[in-house]
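Please view the sequence and model first.

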Amino acid sequence: MSPAVFAHGHLRLYLLSLLAERSMHGYEVIQALADRFGGTYVPSAGTIYPRLAKLEEEGLVTKTAEGRKTVYAITEAGRAELAGREDELGGIEAELTDSVRRLADEVRSSVDDAMRSLRADLAAAAREARGEAATSGRVTHVDDDRMRSRAQLHDAESLLAEFRAELRTELRPAAAEGRLDAATVDLLRSGLRELRKQVTAALRNRG
């Protein structure tokens, strides 16, 4: 996991704390970590499995096969290490809280950037449409077109502001409850990009 989320060596201890709650197979460990981050970060299998293997080598966890799944469980030695580092584990929990807030801020920033980009494209397309109208000989209607265009730009910006406010209202409780994941953010990002393309194309076609 990125050092921006866990300091060096802290992921090892945190995995022990998760397994102290209950035995889990590898995917459940990954999902448990993702849940702790409200879905804003999902660690890769390449991050988790080598660390579980290391813990097994150190005698702190065991693994058993249950069908096609490998289940990991903490050992008494693992519980003893947790007990001896209880204060350090409390500090890790505080770091995780800060990391979740930081990642949530990045999600909001991504949404804000997409909205600003869409607003800029609307304004640029409106200016382009006005320029095309002036050069095509429709001089007598340019002023009226500009006034209507500015009014529509105001309406468009109001719609964007309303959309942003409504979406943020939905995102915040979803993140707090662990229901906001990276796939949802990617869906939002791709949807906004597609909408941007469609709006820009429509404005150009109407120029």
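A salt bridge here is a side-chain nitrogen of Lys or Arg within 4 Å of a carboxyl oxygen of Asp or Glu. The model is predicted: local features need pLDDT of at least 70, side-chain atom pairs count only at pLDDT 80 or more, and totals for chains, interfaces and linings use all residues. Residues are numbered from 1 along each chain as its sequence is written, and side-chain values use heavy atoms, with hydrogens and water left out.

**Salt bridges**

The structure holds 6 salt bridges.

| Pair | Closest N to O distance |
|---|---|
| Arginine 12 – glutamate 81 | 2.6 Å |

Arginine 12 sits in helix α1 and glutamate 81 in helix α4 (residues 76-84), 69 residues apart, so the pair links distant parts of the chain. Helices are DSSP runs (H or I, at least four residues), numbered from the N terminus. A network of salt bridges links Arg12, Glu58, Glu81, Arg85 and Glu88.

**Exposure**

Buried means under 20% relative accessible area, exposed over 50%, and partly exposed in between (1.4 Å probe, protein chains only). Glutamate 81 is buried at 19%. Arginine 12 is partly exposed at 23%, and arginine 85 is partly exposed at 22%. Glutamate 56 is partly exposed at 30%. Lysine 63 is partly exposed at 44%.

**Helix α1**

Helix α1 spans residues 10-21. In α1, 9 of the 12 residues are buried, so the helix is largely enclosed by the rest of the structure. The buried residues include His10, Tyr14 and Ser17.

Methods
Helix = DSSP H or I, 4+ residues; strand = E, 2+ residues; numbered from the N terminus. Expected span 1.5 Å × (residues − 1).
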